[in-house]
Amino acid sequence: MEYLSKERHDELAAELRYLIEEVYPKVAEEVAETGSQGDRSDNAGYREARRIQGKTISRIKFLQKVLENSRVIDPEFLPKDRVSLLSVVEFTNLATNTRMKFQIVSPHEMNLEAGKISLKSPIGTALMGKKVGETAEAQVPSGTLRLRIESIQFPSD
């Protein structure tokens with residue numbers, strides 16, 4: 001079971017609708033058109049159209065599975081006094097005295113450029129359940145990071 005924010009759930013559902021209603025019909029038409037142009041074994045256009053069709057079908061199936069096995073998070077029921085899914089956490093790396101701020105999200109929403117880390121990442125896992133002032137230890141490839149929680153906020157705060 002995966003948990004998604006309402007925003008991400010809606011984005012994935014919109015992408016799925018777009019692929020099914022707009023992209024796939026065009027791809028299927030291209031496969032039919034290029035397939036009717038003679039010997040398929042020597043038809044690069046047909047092979048390319050089939051490759052694109054396969055990728056489109058694969059993405060559709062993936063999105064269907066994600067949406068089928070996910071639930072939308074209701075932020076009202078999340079604890080506000082500790083790090084949880086959707087919380088925005090500011091923390092200090094105690095070794096370098098560097099402050100960082102990230103939102104904890106599901107793996108399907110992770111985007112480092114947007115400041116979103118997965119709850120399943122080493123840092124996300126270490127921060128989950130901690131309160132302001134507590135220290136978390138994250139096992140990362142370069143060693144152990146000691147992180148002190150400075151603040152916890154939620155997008156609606």
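# Rings, charges and helices in a predicted model

A search through the whole structure turns up one aromatic pair. Here a pair is Phe, Tyr or Trp rings (for Trp, the six-membered ring) with centres within 6.5 Å, counted as stacked if the planes are under 30 degrees apart, edge-to-face if over 60 and tilted for the rest. The model is predicted, so local features need pLDDT of at least 70 and side-chain atom pairs count only at pLDDT 80 or more, while totals for chains, interfaces and linings use all residues. Residues are numbered from 1 along each chain as its sequence is written, and side-chain values use heavy atoms, with hydrogens and water left out.

**The aromatic pair and a charge over a ring**

- The ring centres of F91 and F102 are 6.2 Å apart with the planes at 25°, so the pair is stacked.
- F91 belongs to strand β3 (residues 88-93) and F102 to strand β4 (residues 98-105), so the pair ties together parts that are eleven residues apart in sequence. Strands (E, at least two residues) and helices (H or I, at least four) are DSSP runs, numbered from the N terminus.
- Both partners are on the buried side of the cut-offs: F91 has 0% relative accessibility and F102 has 17%. Buried means under 20% relative accessible area, exposed means over 50%, and partly exposed is in between (1.4 Å probe, protein chains only).
- K80 puts its charged end over the ring of F154, 4.3 Å from the ring centre. The rule for this is NZ of Lys or CZ of Arg within 6 Å of the ring centre and within 35 degrees of the ring normal.

**Salt bridges**

- The count is eleven salt bridges, where a bridge is a side-chain nitrogen of Lys or Arg within 4 Å of a carboxyl oxygen of Asp or Glu.
- K131 and D81 form one of them, at 3.8 Å from N to O. This one links distant parts of the chain, 50 residues apart: K131 is in the loop between α3 (122-127) and β6 (135-140), and D81 is in the loop between β2 (70-72) and β3.
- K131, at 32% relative accessible area, is partly exposed, and D81 is partly exposed too, at 42%.
- R99 and E150 make another bridge, at 3.6 Å from N to O. R99 sits in strand β4 and E150 in strand β7 (residues 143-153), so this pair ties together parts that are 51 residues apart in sequence.
- E150 counts as partly exposed, with 21% relative accessibility.
- Through bridges that share partners, E90, R99, R148 and E150 end up in one network.
- R146 pairs with E137, and their closest N and O atoms are 3.7 Å apart. R146 is partly exposed at 43% relative accessible area.

**Helix α1**

- With 30 residues (6-35) at 1.5 Å each, α1 should span 44 Å; the end C-alpha atoms are 41 Å apart, which agrees. The expected span is 1.5 Å times one less than the number of residues.
- There's a bend of about 40° at V23, with a proline, P25, following within four residues. The bend is the angle between axes fitted to the seven residues ending at a position and the seven starting there.
- Among the buried residues of α1 are L12, L16, L19 and V27. The buried residues of this helix pack against β1 (2-4) and α2 (44-68), with contact meaning heavy atoms within 4.5 Å.
- E33 is in α1 and is partly exposed at 42% relative accessibility. E33 and G45 are twelve residues apart in sequence, with 9.5 Å between their C-alpha atoms.

**Helix α2**

- The 25 residues of α2 should span 36 Å, and the end C-alpha atoms are 36 Å apart, which agrees.
- Buried residues here include Y46, A49, Q53 and T56. The buried residues of α2 pack against β1, α1 and β2.
- Q64 is in α2 and is partly exposed, with a relative accessible area of 37%. Leaving aside residues up to four places away in sequence, Q64 touches L16 and I20.

- Most residues other than glycine have a negative phi.
- L86 is not a glycine, yet its phi is positive, at about 80°. L86 lies in the loop between β2 and β3 and is buried at 8% relative accessibility.
- N97 also has a positive phi, near 60°. N97 is in the loop between β3 and β4 and counts as exposed at 60% relative accessibility.
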